[in-house]
Amino acid sequence: MPRLSPLTSAIFSAIALLASPASTAFAQDYAKYSPEAQDKELASIATARRGIMVPMRDGVALATDVYTPKNATGRLPTILWKTPYNEQKLRGPTMRYVLESVKRGYIFIVQNERGRYFSQGKFEILGKPQTDGYDTLSWIAAQPWSNEKVGTLGCSSSAEWQLALAGMKHPAHAAMVPMSAGAGIGKVGRFQEQGNWYTGGVPRNLFFVWLYGVDNPLRAQLPASVTDEKMRARLESYNDLDATKPKVDWNRQLKHLPVNQMLSSLGEPAGTFEQFIDRTPADPAWNQGGLYHEGMGWSVPALWFNTWYDVSIGPNMELFNLARAANTDKVASANQYAVVAPVPHCAYSRLGPDTKVGERDMGDTTFDVDGAVYSWFDRWLKGDGKAFPASTARVRYYLMGANRWQSAEQWPPKNVQPLRLYLRSGGKANTLNGDGRLFAEAAPANEAPDRYRYDPMNPVQTIGGGDCCNGGVVIPGAFDQRPIEARGDVLVYSTDALTKAVDVVGFVDAVLKVSSSAKDTDFAVKLVDVAPDGTAWIIADTIFRARYRNGYDQPVMLAPGEVATIRPTPMTTANRFGVGHRIRVEVTSSNFPKFVRNLNTGGPNESEKVGVVADNVIHHAGNTQSYIELPVLR
């Protein structure tokens with residue numbers, strides 16, 4: 001069968017590498033062995049049943065492989081790994097987890113989502129977790145080898161489907177380990193990102209690239225008449241039903257206008273992209289899929305793994321708090337734990353000595369991820385009360401800058417207090433050489449505003465920050481922002497050099513008082529740690545579309561001369577701004593190619609081809625103060 005194109009193969013290889021929840025030592029241990037040696041080891045310790053078609057309630061069957069420890073007796077606990085990716089030949093993180101789980105006495109199940117590879121049905125993002133996930137748990141619990149306790153495990157797409165399932169109170173769903181699962185979150189608290197499709201109402205480009213590789217409306221399928229398990233297993237070993245798609249230069253393609261024709265212009269048939277791109281953040285259709293939304297309840301003890309340079313660390317931590325407070329299942333809410341690492345999306349295998357994230361040295365980030373995962377499952381699936389002590393801190397997070405792990409009993413930590421810093425200038429905050437400053441004191445009534453011109457045909461380039469899965473057009477992590485800060489359409493506000501370290505830990509809020517010559521435009525905010533040598537490390541960023549300032553369900557255009565209040569989606573981080581460092585905030589109106597450009601017309605942005613230049617103003621005087629509010633650890 002044909003293989004993936006080089007680009008798509010590279011994307012999936014990167015995702016597979018990042019999707020390893022293993023600690024460095026765990027990953028390196030298995031990396032010593034060739035794929036052939038791993039296959040041989042698996043055959044020696046596990047009985048594999050491949051090609052099982054597990055029926056769902058609507059008659060669609062999902063391709064499922066079951067790996068059982070040899071010589072095992074009695075009923076065993078199960079770990080379920082559900083994925084949209086190609087797992088026909090176990091490799092990388094999945095193989096490592098199958099081997100380790102079987103050695104520890106677990107049955108390990110790998111299942112493809114509906115519409116992917118040998119699973120039947122039409123692909124839908126997250127694979128109908130509220131029905132397919134529930135029905136799969138019921139099937140597992142009914143098997144003679146099952147002890148009726150199932151743990152769900154995975155990172156990114158293998159984690160996101162777990163979230164909505166956690167609201168369904170399935171009796172067999174005993175525990176879960178969702179890792180970097182933000183794309184499974186719809187609306188939770190202050191975040192309405194609809195599976196990371198948006199930030200602040202602005203579409204993210206990463207999903208356009210991801211859907212090109214994953215969504216395949218014209219996919220090949222086995223005939224439904226092939227029902228024999230042994231025959232299906234043999235066919236799976238000969239073929240993988242992978243599609244080969246043409247290589248795409250995404251740095252060029254992401255500039256395509258209109259946005260809603262980005263994939264069709266490549267010759268792609270209509271699919272998920274066309275459904276989603278025409279929605280707004282408040283479209284009721286977002287409630288019909290597999291996303292988790294507030295109000296669904298929570299019924300599963302969870303060990304969460306997240307990262308500071310992920311796509312959506314904010315929604316992840318907001319949902320962690322919601323799960324703790326839900327109390328629709330008191331035991332579940334009382335057993336929520338989180339680990340937050342300083343790496344990009346799913347890159348837990350990079351934790352260890354001398355960690356670099358982007359270009360910044362993060363020190364020794366060592367954390368026993370696999371030890372935590374299996375002790376968690378041992379507690380809930382095997383009943384070992386000593387495996388994961390109740391005294392474990394609710395939140396273990398890495399404080400960047402200080403370069404050490406810290407613990408807290410809630411998020412943000414209890415001893416956090418807000419520090420408000422006002423954006424100030426003499427009206428010339430443009431570039432890092434301008435007069436923009438951050439002060440604890442508000443500006444007087446006569447302070448001049450800052451102005452810049454945003455041209456959507458010349459957007460501000462993305463350099464680092466939180467992102468993933470975008471064909472390499474954005475490398476996530478901490479990178480120097482000075483090339484961006486040299487632009488005249490970027491406003492730069494900095495404190496003086498700090499005489500005392502400031503630990504910013506929690507949700508970071510900004511409030512901007514703005515006006516524009518355009519009917520609609522975006523406002524992007526970035527938090528930066530400036531080292532004594534001038535290096536400007538990106539810590540976090542956000543963006544907001546002005547038309548949604550009164551609510552995502554109440555779009556309102558800007559009026560000439562109107563000073564409007566913009567409250568961007570909160571940023572989330574833990575960073576020490578050390579002695580001699582400066583806290584910096586950047587404000588501009590684009591962050592491309594991470595986010596879709598606003599064409600400033602006020603029309604249906606993603607279906608338009610021609611933009612207009614916007615003259616944007618940031619006000620910070622009298623009763624129009626703009627500021628950032630930092631959660632400072634005392």
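**Helix H11**

I started with helix H11, residues 313-326, in this predicted model. H11 has 14 residues and reaches 20 Å from its first C-alpha to its last. That is close to the 20 Å expected at 1.5 Å a residue. I then checked its cover: 10 of the 14 residues are buried, so I noted H11 as mostly covered. The buried set runs from Ile 313 through Phe 320 and then takes in Leu 322 and Ala 323. Just after H11, I found Asn 327 with a positive phi of about 60 degrees.

**Confidence**

Next I looked up pLDDT. The chain averages 92, and 95% of the residues score at least 70. Residues 1-22 stand apart in my notes: pLDDT stays under 50 there. The model still has 57 contacts for residues 1-22 beyond four places in sequence. Where pLDDT is low, the predicted coordinates should not be read in detail. I left that stretch alone.

**The sheet**

I traced the strand order of the open sheet. It has 10 strands, ordered E1-E2-E4-E3-E5-E6-E11-E12-E15-E16, with mixed pairing. The edges are strand E1 (46-55) and E16, each pairing on one side only. Neighbouring strands are turned by 20 degrees against each other on average, direction ignored.

Then I took the E6 and E11 step. Strand E6 (residues 173-179) pairs with strand E11 (residues 302-309) in the parallel sense, over 2 bridges. Met 176 has Ala 302 in E11 as its bridge partner.

What lies across this part of the sheet? I found helix H6 (residues 157-165) across strand E3 (76-83), strand E5 (146-155), E6 and E11. H6 runs at about 125 degrees to E5. Helix H13 also packs on the sheet, and touches E3, E5, E6, E11 and E12. The direction of H13 makes about 165 degrees with that of E6.

**Helix H13**

I stayed with H13, residues 369-381. Its 13 residues reach 18 Å from first C-alpha to last, close to the 18 Å expected at 1.5 Å a residue. How many of its residues are buried? I got 12 of the 13, so H13 is largely enclosed by the rest of the structure. The buried residues include the aromatics Tyr 374, Trp 376, Phe 377 and Trp 380. Asp 370, Asp 378 and Arg 379 are also on the buried list.

At the N-terminal end, Asp 368 is the cap: one of its side-chain oxygens lies 3.0 Å from the backbone nitrogen of Gly 371. After H13 comes Gly 383, with a positive phi near 75 degrees.

I moved to strand E15, residues 395-399, where 5 of 5 residues are buried. Val 395, Tyr 397 and Leu 399 point one way. Arg 396 and Tyr 398 point the other way, and these are buried too.

On one pairing, strand E12 (residues 336-344) runs parallel to E15 and is joined to E15 by 3 bridges. Val 339 stands opposite Arg 396 there. On the other, strand E16 (residues 404-408) pairs with E15 in the antiparallel sense over 5 bridges. Trp 405 in E16 is the bridge partner of Tyr 398. E15 and E16 form a hairpin with 4 residues between them. Gly 401, in the turn, has a positive phi of about 90 degrees.

**Asp 480**

I looked up Asp 480 in the loop between strand E19 (450-454) and helix H14 (482-485). Is Asp 480 buried or exposed? Its relative accessibility is 17%, so Asp 480 counts as buried, under the 20% cut-off. Its side chain makes a polar contact of 2.7 Å with the side chain of Arg 482. A polar atom of the Asp 480 side chain also lies 3.0 Å from the backbone nitrogen of Ala 536. Leaving out residues up to four places away in sequence, Asp 480 touches Glu 359, Ile 463, Thr 535, Ala 536 and Trp 537.

**Leu 438**

My last entry is Leu 438, in strand E18 (residues 437-439). Leu 438 is buried, with a relative accessible area of 4%. Leu 423 is 15 residues apart from Leu 438 in sequence, yet their C-alpha atoms are 5.1 Å apart. Beyond four places in sequence, Leu 438 touches a set of residues including Leu 421, Tyr 422 and Leu 423. Tyr 493, Ser 494 and Thr 495 are also among them, as are Ile 583, Arg 584 and Val 585.

Definitions and conventions. Residues numbered from 1 in each chain as written. Predicted model: local features only at pLDDT ≥ 70, side-chain atom pairs only at ≥ 80, totals over all residues. Heavy atoms only, no water. pLDDT = per-residue confidence, 0-100. Contact = heavy atoms within 4.5 Å. Expected span 1.5 Å × (residues − 1). Buried < 20%, exposed > 50% of the residue type's maximum accessible area, 1.4 Å probe, protein only. Polar contact = N/O pair within 3.5 Å; in protein donor to acceptor, adjacent residues only side chain to side chain. Pairing = 2+ DSSP bridges. Axes fitted to C-alpha atoms, helices over the stretch in contact; angles between N-to-C directions.
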